[in-house]
Amino acid sequence: MIHPTAIVDPAADIGEGVEIGAYSIVGSGVSIGAGTVIGPHVVIRGATRIGGDNRIFQFASVGEDPQDKKYRGEPTVLEIGDRNVVREFVTLHRGTVQDKGVTRIGDDNLFMAYTHVAHDCVIGNRVIMANAASLAGHVRVDDDAILGGFSLVHQFCRIGQHSFSAMGSVISRDVPPYVMVGGRPTKPHGINAVGLERNGFDSVAIRQIKKAYKIVYKTGFKLEEAIRLLEEMSEDGPEVACMVDFLRAKGRSIIR
């Protein structure tokens, strides 16, 4: 159902069962998958591809031009998967040609009110961004990560899977998988044990992750030596192997 006051460009591709609320604007180049519900006063610009069964609440801005002074109107894209929840005043921006030209969002994510996803970010699945958490450009957030309210992430950082940032964290370095960060300045504070338990990790896996954390952060080893020890541990389970892969990848160096 499309409300009579909504403005939907004839070139937009609207799937079966999509609802578009009062005074919302959907531009050309937008595609919206079946079952998605768009609230009132939402603006969606293209090229934006939205999957099925998403819920976008009032006053969200989706697919707008990137906030980058280098942007010159090039055709870029925002891709959103399925079953995401986008709350009030959220801003999700398209990519830039300085990167791959795409901002990509996976499935089953929750973007609480006033959160911001800048150009060229890549967000996995089941990510939670609490109120007013913000990502600068080119940030990657892996599956099941949680960013607490008012968390700020510097451009080009990577947030590892199942990690957790406390409210008000200012993140200027990569956060490895499973690690919990917080404070001012923001530092690591152990592993996200509660989150791991809620996501079905058993006690053996959690003990291995705790041991890996201690090797990286508590023993005084240089990072390369810590990685070598983790590689030996990774034979006993995929959780530590994930941490090794993360630490081996080139990034902004890990948070300390």
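**Entry 1: the second largest pocket**

I began with the second largest pocket, and I find it lined by Arg126, Ile128, Asp144, Ile146, His162, Phe164, Met180, Asn192, Val194, Gly195, Arg198 and Asn199. I note at the outset that the model I am reading is a predicted one. The space in this second largest pocket comes to about 200 Å³. When I sorted its lining by class, I counted 5 nonpolar, 4 polar and 3 charged residues. I also looked up which element gives the largest share of that lining, and it is helix H1 (residues 193-198), with 3 residues.

**Entry 2: the largest pocket**

I then turned to the largest pocket, for which I have a volume of about 390 Å³. It is lined by 18 residues, and those closest to its centre are Asp99, Val122, His138, Val139 and Arg140. The classes in this lining are 9 charged, 7 nonpolar and 2 polar residues.

I place His138 in the loop between strand E19 (134-135) and strand E20 (140-141).

One runs from Gly46 to Ala47, with omega near 5 degrees, and Ala47 sits in the loop between strand E7 (43-44) and strand E8 (48-50). Another joins Arg184 to Pro185, with omega about -5 degrees, and Pro185 belongs to the loop between strand E26 (179-182) and strand E27 (187-191).

**Entry 3: Ser134**

Staying with strand E19, I looked up Ser134, which lies in that strand. Between Ser134 and Val117 I find 6.3 Å from C-alpha to C-alpha, although the two are 17 residues apart in sequence. Setting aside neighbours within four places in sequence, I list His116, Met129, Ser151, Leu152 and Val153 as the contacts of Ser134.

**Entry 4: how H4 packs**

Which helices pack against H4, and at what angles? For helix H3 (residues 223-233) and helix H4 (residues 238-248), the axes come within 9 Å and cross at roughly 150 degrees. Angles over 145 degrees count as roughly antiparallel, and H3 and H4 are therefore roughly antiparallel to each other. The crossing in which H3 passes H4 is left-handed. On the H3 side I find Leu223, Glu224, Ile227, Leu230, Glu231 and Met233 making the contact, and on the H4 side Val240, Val244, Leu247 and Arg248. By class, this contact of H3 with H4 has 7 nonpolar and 3 charged residues, with no polar ones.

For helix H2 (residues 203-217) and H4, the axes are 9 Å apart and the packing angle is about 30 degrees. With angles under 35 degrees counted as roughly parallel, H2 and H4 are therefore roughly parallel to each other. Here Ala205, Gln208, Ile209, Ala212, Tyr213 and Val216 of H2 meet Glu239, Val240, Met243 and Leu247 of H4. The residues of this contact of H2 with H4 comprise 8 nonpolar, 1 polar and 1 charged. I note that Val240 and Leu247 of H4 are listed in the contact with H3 and also in the contact with H2.

Note on methods
Residues numbered from 1 in each chain as written. Predicted model: local features only at pLDDT ≥ 70, side-chain atom pairs only at ≥ 80, totals over all residues. Heavy atoms only, no water. 1 Å grid on protein atoms, 1.4 Å probe; cavity = no way out; pocket = protein on both sides within 12 Å on 5 of 7 lines; lining within 4 Å. Points joined across faces, edges and corners; volume = space filled by probe spheres on them. Nonpolar A, V, L, I, M, F, W, Y, C, P; charged D, E, K, R; others polar. Helix = DSSP H or I, 4+ residues; strand = E, 2+ residues; numbered from the N terminus. Axes fitted to C-alpha atoms, helices over the stretch in contact; angles between N-to-C directions. Parallel < 35°, antiparallel > 145°, perpendicular 65-115°, else oblique. Left-handed = near helix turned anticlockwise from the far one by under 90°. Contact = heavy atoms within 4.5 Å.
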